[in-house]
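Trainee: I would like to go through the labels used for this model and ask what each of them rests on.

Mentor: Then let us take them in turn.

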Amino acid sequence: MNDITVKEMVKSAKKNLEELSINDVKNKLNSENTIIIDLRDTAECIENGIIPGSNHVSRGRLEFSADPKCEHYKDFFDKEKDIILYCHTGSRSALASATLKYMGYKKISHMKGGFKLWMEKIGIIVDYK
């Protein structure tokens with residue numbers, strides 16, 4: 001059995017992943033062909049807010065929420081649209097991107113630097129509901 005660290009897993013996931021800048025994501029906020037998904041835990045979203053127009057799925061629920069055959073499916077998942085994932089710094093979103101690709105989603109990217117960099121450079125958020 002191979003021992004692999006989380007750092008190595010994230011690095012591997014990023015090899016085949018389109019990384020978008022925070023400005024790229026800001027420019028796609030109102031695009032009808034783009035779905036933005038916040039992967040942080042619910043407590044993080046309540047405490048810090050979310051990027052406007054984002055949908056929320058905690059990383060631990062991703063596979064259940066993205067599977068149309070699962071009772072926990074979230075209908076904002078659409079394999080025909082561009083999906084941008086983000087988390088706090090970009091590690092969870094990189095891993096989640098690899099997972100969604102494995103599940104058959106093709107148009108996946110993630111926001112480099114995550115919510116932390118978004119807040120440092122752009123800072124536009126809304127309250128989590």
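**Labels and what they rest on**

Mentor: Start with Ile83, which touches Ile35, Ile37, Phe77, Asp78, Tyr105, Lys107, Ile108 and Ser109, leaving out residues up to four places away in sequence. Keep in mind that this is a predicted model.

Trainee: What makes Ile83 count as buried?

Mentor: The relative accessible area of Ile83 is 1%. Buried means under 20%, so Ile83 is buried. The residue is found in strand E4.

Trainee: Which residues of the largest nonpolar core touch the most other members?

Mentor: Ile37, Phe77, Ile83, Leu85 and Leu100, out of 19 residues in that core. At least two core residues come from each of helix H1 (6-15), strand E2 (34-38), helix H4 (62-66), strand E4 (82-86) and helix H5 (91-102). H5 gives the largest share, 3 residues.

Trainee: What does Ile37 touch?

Mentor: Not counting residues up to four places away in sequence, Ile37 touches Asn55, Val57, Phe76, Phe77, Ile83, Ile84, Leu85 and Tyr86. There is also a second, separate core of 14 residues, which includes Ile36, Ile51, Met111 and Phe115.

Trainee: Why might one expect nonpolar side chains to be buried together?

Mentor: In soluble globular proteins they tend to be.

Trainee: Which residues form a nonpolar patch on the surface?

Mentor: Ile4, Val6 and Met9, with about 280 Å² of accessible area together.

Trainee: Why is Met9 called partly exposed?

Mentor: Met9 has a relative accessible area of 37%. Met9 lies in helix H1. Ser12 also lies in helix H1, and at 40% relative accessibility Ser12 counts as partly exposed by that reasoning. The C-alpha atoms of Ser12 and Ala98 are separated by 9.1 Å, although the two residues are 86 apart along the chain.

Trainee: Are Cys70 and Cys87 buried or exposed?

Mentor: Cys70 is buried, at 18% relative accessible area, and Cys87 is buried at 1%. Each value is set against the limit of under 20%.

Trainee: What makes His110 buried?

Mentor: A relative accessible area of 1%, so His110 is buried. This histidine is found in strand E5 (residues 108-111). Leaving aside neighbours within four places in sequence, the contacts of His110 include Lys14, Glu18, Glu19, Ile84 and Leu85. Gly90, Ser93, Ala94 and Ser97 are also among them.

Trainee: Why is the pair Arg40 and Asp38 called a salt bridge?

Mentor: The N to O distance between their side chains is 2.6 Å. The limit is within 4 Å, so the pair is a salt bridge. Arg40 is buried, with a relative accessible area of 0%, and Asp38 is buried at 0% too. Side chains of opposite charge can pair when their charged atoms come close.

Trainee: How many salt bridges are there by this rule?

Mentor: The count comes to 4. One of them joins Glu44 and Arg92, with the closest N and O atoms 3.0 Å apart. Glu44 lies in helix H3 (residues 42-48) and Arg92 in helix H5, so this pair ties together parts that are 48 residues apart in sequence. Glu63 forms a salt bridge with Arg59, at 3.3 Å between the closest N and O atoms.

Trainee: What makes Arg92 and Glu63 partly exposed?

Mentor: Arg92 has a relative accessible area of 23%, and Glu63 has 29% relative accessibility. Buried requires under 20% and exposed over 50%, so Arg92 counts as partly exposed, and so does Glu63.

Trainee: Which residues is Arg92 in contact with?

Mentor: Leaving aside neighbours within four places in sequence, Arg92 is in contact with Leu39, Arg40, Asp41, Glu44, Arg59 and Cys87.

Conventions:
Residues numbered from 1 in each chain as written. Predicted model: local features only at pLDDT ≥ 70, side-chain atom pairs only at ≥ 80, totals over all residues. Heavy atoms only, no water. Core = buried A, V, L, I, M, F, W, Y, C linked by side-chain atoms within 4.5 Å. Buried < 20%, exposed > 50% of the residue type's maximum accessible area, 1.4 Å probe, protein only. Helix = DSSP H or I, 4+ residues; strand = E, 2+ residues; numbered from the N terminus. Contact = heavy atoms within 4.5 Å. Patch = residues over 30% accessible without salt bridge, like charges linked within 9 Å, V, L, I, M, F, W, Y side chains within 5 Å. Areas by Shrake-Rupley, 256 points an atom, 1.4 Å probe, with all protein chains shown as cover.
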